Amino acid sequence: MEEWAEKKNKEKIVVEKINLKIGEFTCVEPISLINTFNAAVLGSWLDSSEITIETIPFEGKCSKCNRSYFPKKENGYKSPCCNFNLEEIISGRELKIASIDFKEK
Amino acid sequence: MHLPISDKIELNILHQNSHQAEKNKVKFNNYNLLCLNIMSSPGAGKTRLLEMTLEDLSKEFQSAVLEGDMTTNLDAARLEKLNIPVVPITTGRACHLDANMVSGGLKLLEKKINPDILDILLVENVGNLVCPAEFEIGEHFKVALLSITEGEDKPLKYPIMFREADLILITKVDLLPHLNFDINELKSNIVSTNPKADIIEISSITKSGFDLWQKWISKKILKFKK
């Protein structure tokens, strides 16, 4: 964020939103991330900003029939179509800052 | 005030860590040094595994250890008895090693020994099945330990750790006759989460499986050095 802000000339902008994309198959708990962010930016140049989180579904691809599916722990992450092991993950591992919304002062 | 502007970034949140991990990997490669990231929950037997592994491994290869621990140097002290270079990394309250800590550890190691003479660097991560899975340190391979006393369901409960691992060592298998534990169910849960991982059953009491584990390491070192 600091690097990005320096490029934009930090003193002349106000960050409104930091938009994140967080995959379901990561070790990140969105609520904890929001609470930590809010605590971390108190009194800083990001104090008035908020984060939004778009949850990216955990999606796999069955290596036997090529169909995509949503792996479930209860099913051992296997494909419901062919009962095949989880080989390919299509999405769900994202941990990204997708975009930043800001205004010029 | 002007109208809001949206700047598309698509930047990995762990970008700084990944960047440092890449730098660590370049350093390991320049030293021709294979790096393994050893991970597990607390008490799965990482330090004991390293003690026993290094005894045999040292006959053939030059090894060093970066020893991650939250508050003490107890594990590092155990490994130093084997007369190999050990650098303790005390993480304080952090529950995992990150690439920056490992970079610091490598700098301390460079003061102790010229890494050019080393073949393998074993990094013992902090005991935790969650965060270490997300933080790359520049390793070439990830090794996850899972002791049978932890239960068959752990690969399903902590899927990212077991999905990310290149090798899963099922430890404490000497306890099998004393427990109501289904090792086939555990293996099936590992395979469904990560069909590509190698799996070795191991016991530091009977030494069963150590030959396979040593072979796995030797093969990786020799292939890396080619």
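Two strands are taken as paired if DSSP finds at least two bridges between them. Helices (H or I, at least four residues) and strands (E, at least two) are DSSP runs, numbered from the N terminus. The model is predicted, so that local features need pLDDT of at least 70 and side-chain atom pairs count only at pLDDT 80 or more, whereas totals for chains, interfaces and linings use all residues. Residues are numbered from 1 along each chain as its sequence is written, and chains are lettered from A and ligands numbered from 1 in the order in which they are written.

Chain A contains two helices and six strands, arranged from the N terminus as α-β-α-β-β-β-β-β. Its radius of gyration, taken over C-alpha atoms, is 19 Å, well over the 13 Å that the globule rule (2.2 Å times the number of residues to the power 0.38) gives for 105 residues, so chain A is more spread out than a compact globule. Along the principal axes, the C-alpha atoms of chain A fill a box of roughly 55 × 25 × 15 Å. A residue is called buried if 20 or more other C-beta atoms lie within 10 Å of its own, exposed if 12 or fewer do, and partly exposed in between, with C-beta atoms placed from the backbone. On this scale, 21% of the 105 residues of chain A count as buried. Two residues are in contact if their C-beta atoms, placed from the backbone, lie within 7 Å. Of the contacts in chain A between residues at least 6 apart in sequence, 70% join residues at least 24 apart.

Three strands of chain A form an open sheet in the order β4-β3-β5, with antiparallel pairing. Strands β4 (68–69) and β5 (88–91) of chain A are the edges, each pairing on one side only. Strand β3 (residues 59–61) of chain A is joined to β5(A) by three bridges, and Lys61(A) stands opposite Glu88(A) in β5(A).

The two chains meet through 25 residues of chain B in contact with 23 residues of chain A. On the chain B side, the elements that give two or more residues are β1 (5–12), α6 (159–164) and α7 (183–193); β1(B) gives the most, with eight residues. This side of chain B divides into 15 nonpolar, six polar and four charged residues, where Ala, Val, Leu, Ile, Met, Phe, Trp, Tyr, Cys and Pro count as nonpolar, Asp, Glu, Lys and Arg as charged, and the others, Gly among them, as polar. Strand pairing also spans the chains: strand β6 (residues 95–104) of chain A and β1(B) are antiparallel and share six bridges. Within this pairing, Leu11(B) is the bridge partner of Ile97(A).

Gly76(A) lies in the loop between β4 and β5 of chain A. Gly76(A) is buried, with 21 other C-beta atoms within 10 Å. Residues up to four places away in sequence aside, Gly76(A) touches Leu156(B), Asn189(B) and Ser192(B). Asn189(B) and Ser192(B) are themselves among the buried residues of α7(B), as are Leu186(B), Ile190(B) and Thr193(B). The cover over the buried residues of α7(B) includes α5 (154–157), α6, β7 (167–171) and β8 (198–201) of chain B.

Strands β7(B) and β8(B) pair in the parallel sense over four bridges, with Glu201(B) in β8(B) as the bridge partner of Ile170(B). Elsewhere in chain B, five bridges join strand β3 (residues 63–69) to β4(B) in parallel, and Leu66(B) has Val87(B) as its bridge partner. The crossover from β3(B) through helix α3 (residues 74–80) to β4(B) is right-handed. Four of the five residues of strand β4 (residues 86–90) of chain B are buried.

A nonpolar core is a set of buried Ala, Val, Leu, Ile, Met, Phe, Trp, Tyr and Cys residues joined through C-beta atoms within 7 Å. The largest holds 60 residues, of which Ile120(B), Leu121(B), Val123(B), Ala144(B) and Met161(B) touch the most other members. Another core, apart from it, has nine residues, including Val15(A), Ile18(A), Leu20(A) and Ile97(A).

Notes. A crossover is right-handed if, with the strands pointing away from the viewer, the path from the first strand over the helix to the second runs clockwise.
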